[in-house]
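I opened the model today to look up a few features in turn. The entries below follow the order in which I went through them.

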Amino acid sequence: MRNLLSILLLLLCLSLSAQIFIEKPYGPNANGVFDSSISFGDIDGDNDLDMVFIGNIDPGASSGIYLNVDNEFVVSDENIFEPLTSGSVQTFDSDNDGDLDVLFTGSNAISVPTADLYFNNGDGTFIKSVNPDLVGVQFSSSAVDDVDNDGDLDFIILGFDGNTATTNLYLNDGNGQYSISPNNNFIPADDGSLAFADVDDDGDNDVIISGWDVQSIPRTNLYINNGEGVFSLESNSQFGGVLRSSILPLDVDADLDLDFIISGATAGAHTTRVYINNSGIFTEQVSPFADIANGDLKASDVDLDGDLDVLLSGNEFNSIIAQSVLYMNDGSGGFEQSPSEIIDGFILGQSEFVDYDQDGDQDLFIIGLNQDLLAINKLYENNSVLSSNNNLSHSETVDFKAFPNRIQVGQKIILDVEINKSAKSQIQIFDVQGKMYGVMPLDLKEGNFKYSIDAPLDSGEYFINLNSDNFNATVKITVLN
């Protein structure tokens, strides 16, 4: 009996330790929201991550800011944003003044298609910009990137303008004033999604667009950037057309280029397809993921093993039951559903991985309609064990740290390595999508040494991997503007 009890206790401990995400009540929990979008950034300049949202909160459209105050979220009193639903929200520095502005699209309280840009005064208060070229849209999606490599951020918006589907590329004059590009060669689309990704590894971001076209036919098109913000259709890759879709650029097969996972609706089906990149040409492969639509796709290294896992949310065809499924990456292109995670399924919403409490792991926020068709706004805290030095994986032969683990763009990274046996190794730097930014051989000697890396990294989160035949260690750093 004692042995049986010990085994049961061991199994219980293993089961508990395997669960990564634990739901945590937080301020906005009571305000469920659907037909919604969220974006995170340091809105008020206090060095933590706040949330901006739009969506439908009974009895109608809404928008606002939740400020992060000591890892608790409170409603900001500074809200001049127009209430919106069925749209998108992006936080980025549009006018190059060092703070985060906000771009909204969607349907307002009287169902008028809308697109507005608000300038941040630097303290989390805003003023509405005058951008007459912005075309109001609903059932919309947006994405931000410096498409023409001129040092400021541009964006693409797709959606329904009240008469027809539209897709517009807006170029920034450097001061947050936008005009439609004269090379606006994209398929008009609404009720879809888009994503930037450097698929041909030439240093600029290309764009993939999905949704209804003007003839109500689902489309998915990839456009290649020439480096100056001029895009051309990549006609050698055949993507299945989808709407109510989500697109995830990800190095699925671990060959150091970006592939695509795309979920969405087609005529008579919901699908989740995987497209593998072969020198910029994409071919479909068998998908390990559930066939769903109306949800979201996101990736993060949730278990801190150095590769990116996938969260897929939505509903199956002919079913209103929402689901969220976490697929764990085995590091070589294989994904397996995690049986231990209990995460609310949702449709008509969004998920975001973000380290809101700055403890070095990625927490999860979800909004939308859950499996009971109730509006939700939930936080799942990542329960992974992580030391303060952001050491994500380690071995008995090496102790590996990076400091500071939050640096400014252009600042050098100092690596502190302690090893009990000399080894020939290498350092690799990856972003959160799995793209490699550099490889450096390193001849390690027994003892404790510090190494300086001068890596030209843009703002974002990166993994630094130190490996040899005998060990593999990874740390995460955050690069700030």
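**Entry 1: cavities.** I took a cavity as a set of points on a 1 Å grid over the protein atoms alone, where a 1.4 Å probe fits but cannot get out. I note here that this is a predicted model. How many cavities of 30 Å³ or more does the count give? I found one cavity of 30 Å³ or more by this rule. I then looked up the volume of the largest cavity, which is about 40 Å³. Which residues line the largest cavity? I listed Asp 198, Val 199 and Asp 201, then Leu 256, Asp 257 and Leu 258, and finally Lys 435.

**Entry 2: salt bridges.** I counted 10 salt bridges in the structure. I went through some of them one by one.

I began with Asp 191, which forms a salt bridge with Arg 244, and the closest N and O atoms are 3.4 Å apart. Asp 191 belongs to strand E14 (residues 190–197) and Arg 244 to strand E18 (residues 243–250), so this pair ties together parts that are 53 residues apart in sequence. Are these two residues buried or partly exposed? Asp 191 is partly exposed at 21% relative accessibility. For Arg 244 I noted a relative accessible area of 37%, so this residue is also partly exposed.

I turned to Lys 298 next, which forms a salt bridge with Glu 352, with 3.5 Å between the closest N and O atoms. This pair links distant parts of the chain, 54 residues apart: Lys 298 is in strand E22 (residues 293–300) and Glu 352 in strand E26 (residues 347–354). I looked up the burial of both and found that Lys 298 and Glu 352 are buried.

I then checked Asp 344 and Lys 378, whose side chains meet in a salt bridge at 3.1 Å, N to O. Why does this pair tie together parts that are apart in sequence? Asp 344 lies in the loop between strand E25 (335–337) and E26, and Lys 378 lies in strand E28 (residues 375–382), so the parts tied together are 34 residues apart in sequence. Asp 344 has a relative accessible area of 13% and is buried. Lys 378, at 16% relative accessibility, counts as buried. I also noted that salt bridges with shared partners join Asp 344, Lys 378 and Glu 23 into one network.

**Entry 3: nonpolar cores.** I looked up the largest nonpolar core, which has 25 residues. Which residues have the most contacts inside it? They are Ile 413, Leu 415, Ile 464, Leu 466 and Ile 477. I listed the strands that each supply at least two residues of this core, among them strand E32 (413–419), strand E36 (460–467) and strand E37 (472–480). Strand E30 (398–403) and strand E33 (423–431) are also on that list. I found a second, separate core of 17 residues, including Val 274, Ile 276, Ile 292 and Leu 297.

**Entry 4: sheet with E14.** I came back to E14 and found it in an open sheet of four strands, in the order E14-E15-E16-E17, with antiparallel pairing. E14 and strand E17 (231–233) stand at the edges with a single partner strand each, so one side of each has no neighbour in the sheet. On average, neighbouring strands of this sheet are turned by 25° against each other, direction ignored. I checked strand E15 (residues 206–212) against strand E16 (residues 218–225) and found six bridges in the antiparallel sense. Ile 209 has Asn 221 in E16 as its bridge partner.

**Entry 5: sheet with E2.** I looked up an open sheet of four strands in the order E2-E3-E4-E5, with antiparallel pairing. Which strands are at the edges? They are strand E2 (34–41) and strand E5 (72–75), and each pairs on one side only. Neighbouring strands here are turned by 25° against each other on average, direction ignored. I noted seven bridges between strand E3 (residues 50–57) and strand E4 (residues 60–69), which run antiparallel. Asn 56 stands opposite Ala 61 in E4.

**Entry 6: Ser 287.** I located Ser 287 in the loop between strand E21 (281–285) and E22. Ser 287 is partly exposed, at 24% relative accessibility. I looked up Ser 287 and Asn 315, which are 28 residues apart along the chain, and their C-alpha atoms are separated by 17 Å.

How values were computed. Residues numbered from 1 in each chain as written. Predicted model: local features only at pLDDT ≥ 70, side-chain atom pairs only at ≥ 80, totals over all residues. Heavy atoms only, no water. Salt bridge = Lys/Arg side-chain N within 4 Å of Asp/Glu carboxyl O. Buried < 20%, exposed > 50% of the residue type's maximum accessible area, 1.4 Å probe, protein only. Core = buried A, V, L, I, M, F, W, Y, C linked by side-chain atoms within 4.5 Å. Pairing = 2+ DSSP bridges. Axes fitted to C-alpha atoms, helices over the stretch in contact; angles between N-to-C directions. 1 Å grid on protein atoms, 1.4 Å probe; cavity = no way out; pocket = protein on both sides within 12 Å on 5 of 7 lines; lining within 4 Å. Points joined across faces, edges and corners; volume = space filled by probe spheres on them.
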